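Me: I would like to go through some of the labels used for a protein model and ask what stands behind each one. Please set the values against the definitions.

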Amino acid sequence: METNVSFQSLFRHQSISNFNPYSRTVFADLAACHTAAKGYHLSRCNDQQCGNIAHRYHSCGNRHCPNCGSMKRDAWIESRMNELLPTAYYHIVFTLPHELNPVFMGNRAKLFDLLFLAASQTLLKHARMPEYLGAEPGITMVLHTWGQDLSFHPHVHCIVSAGGYDGKRWIEAKRKNNRFLFPQKSMAGMFKAIFMEGLEKDSSIGWIGNKNSLLKAIRFKKWNVYAKAPFGSPDRVVQYLGRYTHKIAITRHRILEVNATHIK
């Protein structure tokens, strides 16, 4: 086992040659981060007797980089902070059944768009109901495509305001105790219906396996919508989601072994 392998050597591993063009570009950035390949600033001491010269190599700025990812995260959090409204916020996650994973592989752009559409329409339609809010809330949505075990797991995180705007005035949150925003079962049912309708109507989707069998399997399956009550002030909700959604997939402590053919 190699215990002191640098990230640069990992990002130049021979297996990368088989990756898709986007992934190869990402790994090229990561391998060149803080090296002369990205340029540098040269500083020299003004003291004539010293004359010490120091090179400060530039970062790659790639959001996947273990060194630079935090900059993207902090910028995202600062931007979201400026958008916060004077109300409580909820964290809601819409997840798709894993049976759809093979179909996603060949239709990512279309199905990601459908995922955002189904999730946003579910939130907006519930918010417009007078018994829940009767207004349009503020919604921030972030796509996540992998789970904790790094498996393909498409889902979308949403930050939703408890209050909203009805076109004329600000509407305060209906539930002063902030225990929940909308019923979880109702959201799950509507999300499933909207996504299924879009899936069945789009004739341009390339199906892997038997379309009818797959549709039947997911139609009779319970779909998951995770809804969490506010766990702090709105800024804490944004900071939590920023840290969660902008973390890189593999950090140093998760790399166990590197050899000529494998990375664990």
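Reply: Phe94, Phe191, Phe195 and Trp223 form one aromatic cluster. This is a predicted model, where local features need pLDDT of at least 70, side-chain atom pairs count only at pLDDT 80 or more, and totals for chains, interfaces and linings use all residues. Residues are numbered from 1 along each chain as its sequence is written, and side-chain values use heavy atoms, with hydrogens and water left out.

Me: How many aromatic pairs does the structure hold, and why is the pair of Phe191 and Phe195 called tilted?

Reply: The structure holds 8 aromatic pairs. Rings of Phe, Tyr and Trp (its six-membered ring) pair if their centres lie within 6.5 Å; planes under 30 degrees apart are stacked, over 60 edge-to-face, and the rest tilted. The ring centres of Phe191 and Phe195 are 6.4 Å apart and their planes stand at 50 degrees, so this pair is tilted.

Me: What makes the pair of Phe191 and Trp223 edge-to-face?

Reply: The ring centres of Phe191 and Trp223 are 5.7 Å apart and the planes are at 70 degrees, so the label is edge-to-face. Phe191 lies in helix H6 and Trp223 in the loop between helix H7 (211–219) and strand S7 (225–228), so the pair ties together parts 32 residues apart in sequence. Helices (H or I, at least four residues) and strands (E, at least two) are DSSP runs, numbered from the N terminus.

Me: Why is Trp223 called buried?

Reply: Buried means under 20% relative accessible area, exposed over 50%, and partly exposed in between (1.4 Å probe, protein chains only). Trp223 has 3% relative accessibility and therefore counts as buried. Phe191, with a relative accessible area of 0%, is buried too.

Me: How do you know that Cys50 is in no disulfide?

Reply: A disulfide is a pair of cysteine sulfur atoms within 2.5 Å. The nearest cysteine sulfur to Cys50, that of Cys45, is 3.8 Å away, and Cys50 is in no disulfide. The structure holds 0 disulfides.

Me: Is Cys50 buried, exposed or partly exposed, and what about Cys158?

Reply: Cys50 has 45% relative accessibility, so Cys50 counts as partly exposed. Cys158 has a relative accessible area of 0% and is therefore buried.

Me: Why does Tyr57 count as partly exposed, and where does Tyr57 lie?

Reply: The relative accessibility of Tyr57 is 33%, so Tyr57 counts as partly exposed. Tyr57 lies in strand S2.
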